[in-house]
Structure formats: C-alpha cells, structure tokens
Amino acid sequence: MLSILIWLPLAAALIGAIAGGERTTGGLTLLGSLGALAIAIALIAGYHGNGGQLTHVIDHDWIPALGIHYKLGLDGLNLFLVAMTTLVFAFSLLACNLRSWKKPSLFYVLMGLGESAVLGAFLAQDLILFVAFFDLMLIPFYLLTGVWGGPGRVAATTKLVIYTLVGSLLMLAGAVALAVISSQESGQGLNFAYSALAASPVGKGSQEWIFLLFAAAFLVKMPAFPLHGWMPDAYREMPTEVLAVFSGVLSKVGAYGFLAIVLPLMPKASVHYQTLMLVIGLCSIIYGSAMAFTQTNARLVIGYSSVAQLGFITLGIFALAPQGAQGAVLQMVNHGIVVAPLLFIVALLAARAGGSEDIRDMGGIAMRAPVLATIFLIITFATLAMPGSGNFVGEFLILLGLFKTKMVFSIIAFTGVVMAAVYMLRIFIRTMHNRTGPEVRSRELRWRDALVIVPFVGVILLFALYPQLELSRAQQSVTASIQPARQVESSSR
Amino acid sequence: MSPAVAAIHGPHIDYAAISPFEALLAGSVIVLLVGLLRSRVAREQLVPALTLVSLGASLAVTIWQWNDHVSAIAGALAVDDLTLILTIVFIAAGAAAVVLSWRARAPRESAHGEYHALLLASIAGMAVLVAAQNLITLFIGIELLSIPLYVLCATEMRRASSLESGLKYLIIGSVGSATLVYGLALIYGATGATEFSAIAGSIANGHGSNALILTGIALVIVGLCFKASVAPFHQWTPDVYEGAPTPIAAFMAVATKAAALGVLLRIFDVALVGDQFDWGPALATLATITIFVGNVGALGQSSLKRMLAYSSVAQAGYLLAGVIVSTQLGVAATVFYLIVYLLMNLAAFAVVIARERETPYGDDIDSVAGLGDARPELAWPLTIAMLSLAGIPATAGFIGKLYLIQALVDGGYAWLGVILVIGSMISLGYYLRVVAAIWMRDAPAVGAGVPVIAGGSQEADAVAPSRNWEVVALAMVFGAATIFFGIVPQPLFDLAHRAAGSLTGIY
C-alpha cells in the first residue's frame, strides 16, 4: 500500500513520458498524484491512533550487508504530512497542466520524481532510506529550478544545492556513525531501522556530535535563521507551481526529521541542545518577521514569513512537551496548505500588475476582483493565525507547550504572533487596497485558477472548523516520539 | 647433463592457474603479428576484434579459476578472489578502451597492432601486479603495466601535447618506480625476505620499528602514491590525462587506479600490516591532502579531461580510506568502490569522447552545453556519472561512499569519514557545473569564433553522430549500470566481500 503510494506519481509520469505525447504526460502525472491523494485520504479514514505504533509496515532487506532495510510505515506523525504532500502536489500539478512548458515530458517526470521522493522521506522507517530519499528529492528541484526558473536561475540553483547537499552529506555521515556506534555498543549487527536504533541509543557524547550533523541538514532544509542563505534566490527564481510544492512540502521534511529521527534516537542530545534550538527558533521568528515586513517582493514576503513559521514549529518541537509537539505537527500541515495557495495568488496578482511581483506596483486589485480578495483574505487570516483558524490552534498549542517548559521563550515568541499579523495585513492591504498601481489591470479570478486555489481554501476551512481531525490521530504518536527526551529531562532534574 | 645444471630446479609452474595472464600475453603477441598484415580490414577491424577475443578468453578463464585459491610459481603469484575480481575490472576497462579506440585517431596514427598489443600487455601487467606475493613480482608487474602506458600516451604522434604527455608520464613514472624500488630494497634489507608473508612474519617478530624498514615503507608509499596519483605526487595526472588520447586516459583513470589500489591493499594490508600504527597516520594524512587538493583543483577546470583527472585524484583519496583501516570491511569497501568507479568514470569518458568527435570544442565544457536538448542519449549517462561521482542517492557512487564511511567509522577513523564528506561537498561545485551545462545552457552557436580546444584530442574529421553508436552504447550501458547497482548493490557487495576474504591476515 505505502509502496504504491510512494511510487505511483513517478510511475505515472514515466509511463506518460515513454508512451504518450506531450499533453498526456501532464495528464497522467496529475492522475498519478490524484491517485496518491485518494490513497492518502483512505489512509486517514482508516487510521485511529493505533496506540502510537506503526501501521501498514513494509519491511524488506534492501542491502543486507549493511543492515539497510526498505522499511516503510505510517503513524500519526507522518499521516497528515503525507496527505498534505499529496494535496499540494496534486493541485500544483493541476496548475502546471493549465499552462504549457518547454520540454514537458522531462518537467512532469521530475515533478513525479519529486513527489515520490518526498513521500518516501516521510514514510521511510530506515535511516539510510530516509537519507536516500532526502537527497533524492533535491535532484528534481535542482533541475526544475535550473531549467524552468527565472533569469537568475543558475546562481540560485547552485546556492540551493550546495546548501542543502552540504547538510544532507553531513547527515549521511551522522547516520552511518549513529548506526555503527550503536551496533558496537550493543554488540548487535548493523541495523539502520529507526526502531532498532531507538532500542539501543548511543552514549551521550556520541549523540551530541551526531545531533549537530542532523540538525545542520534539517535546519538548512526548513530553512532556519542562520542557514537560510539559499532561500531568497530560490524563491525569486522558481516557477510558481514548483515553488508552491517546494515551500509547502519540502520545508516540512526538515521539521519532520527532528520529530521522527532526532528526538527519539538522540534524546540526550536533544535535551542538551534544547536551549540552542529554541534560540534558533526564536531568531528565525524575529528575523523572518522583520524581513517579511521590509521586503517589497511579494514572494520574498511569503518566503520570510515561512522562515518565521518554521521558527514556531521548531519552538514547538523543542518545547519537549506534548502540546508543543502536537501544535508543531498541526502547524506543519497548516503551513503547507496555506503557503501553496498564497503563492498561487501572488502569481495571479503579478499577472494583474503587469508582471511585477513588487507590492509597490500592485494595489487596488480588490475593487474589481471581490472573490479573489475574499479568498486572499481567508488565507491571510489563516496565515496570521486568526482565532478560529487551524493555524491559531497550532500556534496556541505550541505556545502553550512552550509556556509550560520554558516560559521566557514563550513570552518572546508571542511577539511573533503580533508581527505575523503586521506583515500579512501589510501585504494584503498593499496589494488589494491602497491606490491602484500604474500598471494594474484588475480582473476577477478565472475558473481555471479557482480550480487550483479553492480546494486549498476548503481544506483550510476544514481544519479551522475541525482541527481535532488531525490532533486526535496524531496525539499518541507525537507523545511517543518525545517520550525518550522527556524521560531524560525528568531524570536529570 | 652436467650436475651443476641438474641441481637447479625451476619452480613448478601451474599453467592452468596463471591462464588469465597467459591469455592476455598470448593475445598481445598475436595482435602484434596480425597488425603487420597488409590488408586494411585486417588492421582496422580484425585487430580490435582479436583484442576483444583475447580479453574475452582471459575473462572466461578468470571465471573458470573462481574459487580456486592457488598460489602459483613458488608462491610468487596468488590467484585468489581479490586477484580475479580486480582482473575482471582491468579486462572491463580494457574492453571499453578497445571499443572507444575503434574509430579513434590514436591507433591509426601509431599502428593498430602495436597499440592493441601494448594495451593487452599493460592489462597483463596490472593482473600480475595485484596477484604479486613478493617484492620482485610486484616490481615486474608495475613495470609491465607502466611501460606500455608511457608509449600509449604518446600514440597520437602528430599532436605535440600527446607526445608531451607520454614524455611527462615516462619521466615522472620512472621517478616513482625508482623510489619504489629503493623502498623495496630497504624493506628487503630490514627483513631479509621478499615474500609478503615472510615480511609480515619478520615484522611480527619485532623488526617492525627498525629504521631501515620505516624508511623503506616511506619510500614505498611515495612510489605507489605516484602511481595512484595521490597528492602531493599527483601533479602529472591532469597534464597526462589531458594530453593522452582520450580512450587511453579513460583506461588509465580506471585501470591504473584499480591496480595501484590493489597493490596497496596487498602490500599494506598483508606484508606491512604489523606496522599499521606507523603507516596508518601517514596514509591518512596523505588521503586528507589528496581529497582537498583533488577537489579544489577540479573546481577551476574548464577542460572536462582535466576536471576528471583532478576528480580521479580526489577519488584516490577516498579509496585510500579502505587501505588505511586495514580491516576486511575496508578492503571490501575499496574493491566495491573500484568497481563502481569503473562504471561511472567510463560512462563520463565515453560521453567526452563522443563529444570530442561531434563538436569543435574538444573536451571543453562547452562541448556538452545544451546536450540535454540535442543528445539526451548522451546527456543522461553523463548526468548520472556526475551525480554518482558526487555521491547522490540512487546511484552506485552513493552506496560506495556509504560503504567507505562505514568502514572508516568501524575502523576508528571517523574523522577521515567527515573529511570524505567535506570533500564530496566541495566536489559538488564542479560536478554540478557539468550537469548545469548539460541541462541549463544552450549549445554554443555553431561556427561562432575560433573553436576552443582545451588541449583535447580534437578529431579533425568530425564524425556524424550516427557513426558514434558504439561510444553512445557504451555510455548508456555504463550509465544504466551505475543506476542499477545504486538500487540493487547486493551482487557487488558479494563480490567485494569475497575479495576481502582472500586477505586472511586482517580481521
């Protein structure tokens, strides 16, 4: 089941590219990702906590000589991230199908490969398998940006790849070290499965240096404050549809890695570095927010707001409290389904403002496009975590968890909530109201664009009305994932 | 018969056991003679075909020898799994070189018979080298491998840079050989033995920290590092690769490296293993220097052959890691990486050769610009090769690096594993530049300005793409194999594991 879910998008794209013409590749890839979405919905419907244990486990020996398994599994941590991934990919691919690309076959094969790799990273239950998928997802995005991106694409891709691959190669060294040291200390054979590594954790000293290798990879991917250097260029140059996927989905793999790998396998180091990680989270919030309300490029406003949002998620994870982690998982899903439509709307606004993505060239668009303005407003409110939205629940839980364990940090983090309101309302007002820009030719949302954006709004509303859908299913797994670190913390007190 | 003659008994020679070497040397002689025929077809078609037959025969008897662990000619040669597996590597590299040379300029300018005979002799030298069980055989092997290569580098006789390359390789190779033989003499002087097993025994008996033997080891390291192009003894590599005919450069990059690493495994992990704590740190330092020098050197290159030369220097640094830890795991990791290295490097060189013949840009990076649009069947193998050399998952290079890192962490050299990773990061800078050129740049306008020839072996009579089918096919086969073994590495693990099993002195 999970193997089908992972490989369906790539298989569909490959079949399309080999057998079909240029239009059919796009159609088939879309169909493949819709199929993955359907499987994900079926998995949500069939999942009821399961005591925090994995379900749908697939476990084959992949490379027995090195103790590497092809092991996949579903739990409360990755269930909704997988669903969010399939959702964002499916509707981005729909958007892709609505315009024409040069070299379409290659484009869709890469998109399919990207989706398969991300799903694989979320579902992997073996450290090397995770690293492999984690690195693999970079290749399609490197080419997608490099071939179809804006004018500065070559510099942007080089930066992107060097930052992220440096992180992931360090993680590879960390992963190997973790398993080898673990097998030496426990006297058992080499085994990279999460479950085996969690059962025999390595000593504190080893954990501490390996933690840093993993943290580097995940923080680059998120991106978090001091390691976000690749972000502005990449956001500026990527095609919108690719960026929606990249920003919505790939950044979550880093945050997910902290919850699924770092906390359970390196609990002592997680407690040791808790303050450092919280500081990084706070810096990301403050820096991201400050940058977001000084930028004039609409994409970069959203990019820096993502840095701030991921900062919140980091805080939630390293609060090392059940509520915080729950909020973090919910917030990962929320951010994915909010940021993708935001980017599509930016593209629509740019099309109405003479092609410029600068918010100074926009303004007054709401007058002739009330439906677009309404949808944008809903998404804006969701992003700034208006009470009543799913994001409010997420941020509230994060701050609640943090308040219980590290009160000072939570008080500073509260300012981030206010700043989010400032920069999101700023972009809304500057684009939709204010004086009409010189080049602006406002018009209403077209049906084909609505087809892409409205489903996201539907899901945003669903989570606003019923966040319990996610929280109840994730609860047991999240608690299990932070349990080792909490034990370390309570025993050290 | 006088009694004095009767008293000398030649050692028993097990001709069956050494049949892989015989097939190569006999092939060399036959090819040389057939090359003297008048008929053009005989020279240009029959000679390469016979070379392939000879390689095939050698491969067949190699597989026939499988599982027979024979010590032949009074213990001078060990025909064990390590020898056989590395021989297969040499044969594969040699066969690829023959295919790549089929329509190349070099054999036409020199002579088909000589060219192919030298190639076979060099392969035989490599096989003898990795089978060597004493210092004398080692030296014979290294000379038999090197001397034909000095000549082969200079076979494009009408191009000055090819001659320069041959001369440079001759001079530097001779310095390396001289240093090596001096070192071997000192080791003999210290231990009184030429057999590896006897040397190991002597070291175990407390002769290990004798000044003579330590000096000898240092000189042997220097000599072999010249052959393996380990920094700081690598300076010849970029110049020689750039000047040599590209099929020969491809052969050297793959096979010479495998031979040098094979003999490093034999001498350091068998004969000198007792002195591991003396040479281990020295080699680790050299590996570190090599990784940095190779990767940083490659960054600024615009000639693909020079870039691949520096990349091969860096890869030599990675490969040394497996020698340094002197464990079975380390040997297996080295052998595994050598096989993988063959696949990805030959895929890359085949594409370079195809583009040298198709474009006026020689081996400059411009020659592959826009390849994704123009020739996807060449673009994919080169892309895969570059990603694999960089160590991206789903390619065999990833598994190879993973295995090496595992061997390093297991052997207590975790820091060198981190160096290896840092080196891989630097290497992304130049490997991805090639990928970017393939997919993200447009092909340079035809006839724009004077063609750039970065010292490459420019094929004056450019061949139409359809006439390069054998090069394209080779690139695609090796590219596909790189992906295949990246996903299903188990067969290679089994091979590597068997090879490591033949070095019984280490755990």
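Predicted model: local features only at pLDDT ≥ 70, side-chain atom pairs only at ≥ 80, totals over all residues.

Me: Which residues in α11(B) meet α14(B)?

Reply: On the α11(B) side they are Thr237(B), Pro238(B), Tyr241(B) and Glu242(B). Their partners in α14(B) include Lys305(B), Arg306(B) and Leu308(B). The contact of α11(B) with α14(B) sorts into 6 nonpolar, 2 polar and 3 charged residues.

Me: Why is α18(B) called roughly antiparallel to α19(B)?

Reply: Helix α18 (residues 396-410) of chain B and helix α19 (residues 414-440) of chain B pack at about 155 degrees, and their axes are 7 Å apart. The cut-off for roughly antiparallel is over 145, so that label applies to α18(B) and α19(B). Their crossing is left-handed. Among the residues that meet, Leu404(B), Ile405(B) and Leu408(B) come from α18(B), while Leu416(B), Gly417(B) and Leu420(B) come from α19(B). By class, that contact has 7 nonpolar, 2 polar and 1 charged residues.

Me: How do you know that the span of helix α8 of chain B agrees with its number of residues?

Reply: Helix α8 (residues 160-191) of chain B has 32 residues, and at 1.5 Å a residue they should span 46 Å. The end C-alpha atoms are 46 Å apart, so the two agree.

Me: What does chain B bring to its contact with chain A?

Reply: Chain B puts in 25 residues, and chain A puts in 25 residues. On the chain B side, α18, α19 and α21 (490-501) each supply at least two residues. α19(B) gives the most, with 11 residues. The chain B side divides into 19 nonpolar, 5 polar and 1 charged residues.

Me: What is the average pLDDT of chain B, and where does pLDDT stay under 50?

Reply: Chain B averages a pLDDT of 85, and 94% of the residues score at least 70. The stretch under 50 is residues 448-463 of chain B, where the model has 40 contacts beyond four places in sequence. The model scores ipTM 0.77 and pTM 0.85.

Methods: Residues numbered from 1 in each chain as written. Chains lettered and ligands numbered in written order. Helix = DSSP H or I, 4+ residues; strand = E, 2+ residues; numbered from the N terminus. Expected span 1.5 Å × (residues − 1). Axes fitted to C-alpha atoms, helices over the stretch in contact; angles between N-to-C directions. Parallel < 35°, antiparallel > 145°, perpendicular 65-115°, else oblique. Left-handed = near helix turned anticlockwise from the far one by under 90°. Contact = placed C-beta atoms within 7 Å. Nonpolar A, V, L, I, M, F, W, Y, C, P; charged D, E, K, R; others polar. pLDDT = per-residue confidence, 0-100.
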